[in-house]
Amino acid sequence: MNFRCECGHRIHDNTDNLPYKGYFIADQDQDDLMDEIDAAIEESGPSPQDKEEAAMRIRSLTTRLFKSAYQCSKCGNLFMDLGPAGLEMFRGVDPVNKNLLQSALGEQWRGHLYGEWKDTIPEWQTSHGTLYNETNVSDPAVESSGGGQYGDWGALERDYYELFHELKDRDVIRYSQLKKNGTVLHSWSLPK
Ligand SMILES: [Zn+2]
């Protein structure tokens, strides 16, 4: 789904780990959720099926009780998704903190890094390479290359590895991948 903020910016909800999306739970509901989690741990039967059913009950309750919230990354307006009642918008007081819905861990949240290059691109695309820094750490190299857009493979490859090592050293990454024309040239995930 996506919708437009009054400032003109379009807010998309089409992928996971969005830095501008969060969830609210009412204080009136929180005890019920905690009770369901306690019951799943303490009272569910011993079989894998019992465990799976207990986990499903928690997930389904979470879906019912959590309300989604979005923040416009351009102007900072906050939206609460009230389901059938639609979206409720709240305007902030200047200067607005536009990172309200980022992870509580802030820059320490472990995110993802994706680099992708295509020799052949559709007409509507303007660059062959993109570097997606999906962590809460902003990188000057990526910002200076126009938000991670590349016309040169060598520059993309260099920036990818540089950023990968920096993010890995800072322990703020859980998955990283570099693809060229559909072939994965490098991938790394945090050991479990
Ligand atoms: Zn806006």
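A search of the whole structure finds seven salt bridges. A salt bridge here is a side-chain nitrogen of Lys or Arg within 4 Å of a carboxyl oxygen of Asp or Glu. This is a predicted model: local features need pLDDT of at least 70, side-chain atom pairs count only at pLDDT 80 or more, and totals for chains, interfaces and linings use all residues. Residues are numbered from 1 along each chain as its sequence is written, and side-chain values use heavy atoms, with hydrogens and water left out.

Take Arg 91 and Glu 6. They form a salt bridge, with the closest N and O atoms 2.7 Å apart. Arg 91 sits in the loop between E6 and E7, and Glu 6 in the loop between strand E1 (2-4) and E2, so the pair ties together parts that are 85 residues apart in sequence. Helices (H or I, at least four residues) and strands (E, at least two) are DSSP runs, numbered from the N terminus. Arg 91 is exposed, at a relative accessible area of 60%. The classes are buried under 20% relative accessible area, exposed over 50%, and partly exposed in between (1.4 Å probe, protein chains only).

Next come Arg 57 and Glu 36. Their salt bridge has its closest N and O atoms 3.3 Å apart. Arg 57 belongs to helix H2 (residues 48-65) and Glu 36 to helix H1, 21 residues apart, and the pair links these distant parts of the chain. Arg 57 is partly exposed at 42% relative accessibility. Glu 36 is partly exposed too, at 23%.

Glu 107 and Arg 170 also meet through their side chains, in a salt bridge of 3.4 Å, N to O. This pair links distant parts of the chain: Glu 107 lies in the loop between E6 and E7, Arg 170 in the loop between H4 and E10, 63 residues apart. Glu 107 is partly exposed at 41%, and Arg 170 at 39%. A network of salt bridges links Glu 107, Glu 166 and Arg 170.

Now look at helix H4 (residues 153-169), where Glu 157 is found. Glu 157 is partly exposed, with a relative accessible area of 31%. Glu 157 and Trp 117 are 40 residues apart in sequence, yet 9.1 Å apart in space, C-alpha to C-alpha.

What about the chain as a whole? It has four helices and eleven strands. Its radius of gyration (taken over C-alpha atoms) is 20 Å, well over the 16 Å that the globule rule gives for 192 residues, so the chain is more spread out than a compact globule. That rule is 2.2 Å times the number of residues to the power 0.38. The C-alpha trace spans about 55 × 45 × 30 Å along its principal axes. Of the 192 residues, 32% count as buried.

Finish with the backbone. Most residues other than glycine have a negative phi, and most peptide bonds are trans. Asn 17 has a positive phi of about 60 degrees. It lies in the loop between strand E2 (10-12) and strand E3 (21-24). Asn 181 has a positive phi as well, near 50 degrees. Its loop runs between strand E10 (173-180) and strand E11 (183-189). The peptide bond from Asp 94 to Pro 95 is cis, with omega near -5 degrees. Pro 95 is in the loop between strand E6 (87-90) and strand E7 (111-117).
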